[in-house]
Amino acid sequence: MTKKFKGGKHGRDVINIFKKPAMDFFFQWVLDMSTNGGSTVGECFSAASKIKEGDTESWARNWDKLGSYVQKIVENSLRNNHTVSVRESFLRAYTYYRVSVLFLSPFEESRYKEYLSKARSFFKQALCRSQYRTNIHYA
């Protein structure tokens, strides 16, 4: 993992965690999900620290591991009736499983369907527990 600091637009610093631009872009994307509860900064950096530079297999494996870790938090929170923790953890688990498929081929990887299925399931559970009510129509 490399960290380069260079002046960004409007005087902001840009932090590049990965040399591979696509990986760095998606890492920034999942990190930004923390603003709406879809991830936590600590969990994201923990996963990123274990990903081998440019290794898409490592990317998928480590985000899946993080999704599994958060899934255990969901299960524990459900057992203890921690409603808010359950809702927040479902959303984070969705995000991490969703991120795990970004570099997998939907045509060649059986894990693609497995991880995406987990992501969909957790997203639906997060929606059911949302404090906001809405109707979403899809096929």
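**The ring cluster**

Mentor: Ring pairs join Phe18, Phe25, Phe26, Phe27, Trp29, Phe45, Trp59, Trp63, Tyr96 and Phe103 into a cluster. The model is predicted, so local features need pLDDT of at least 70 and side-chain atom pairs pLDDT 80 or more, while totals for chains, interfaces and linings use all residues. Residues are numbered from 1 along each chain as its sequence is written, and side-chain values use heavy atoms, without hydrogens and water.

Rings of Phe, Tyr and Trp (its six-membered ring) pair if their centres lie within 6.5 Å, with planes under 30 degrees apart called stacked, over 60 edge-to-face and the rest tilted. By this rule there are twelve aromatic pairs. One of them brings together Phe26 and Phe103, whose ring centres are 5.8 Å apart and whose planes meet at 80°, so this pair is edge-to-face. It links distant parts of the chain, since Phe26 belongs to helix H1 (residues 21-32) and Phe103, 77 residues apart from it, to the loop between H4 and helix H5 (110-128); helices here are DSSP runs (H or I, at least four residues), numbered from the N terminus.

Phe27 and Phe45 also form an edge-to-face pair, with 5.2 Å from centre to centre and 75° between the planes. Because Phe27 lies in helix H1 and Phe45 in helix H2 (residues 41-50), this pair ties together parts 18 residues apart in sequence. Phe27 is buried, at a relative accessible area of 0%, whereas Phe45, at 28%, is partly exposed, as is Phe26 at 23% (buried is under 20%, exposed over 50%, partly exposed in between, with a 1.4 Å probe and protein chains only).

Key:
Helices (H or I, at least four residues) and strands (E, at least two) are DSSP runs, numbered from the N terminus.
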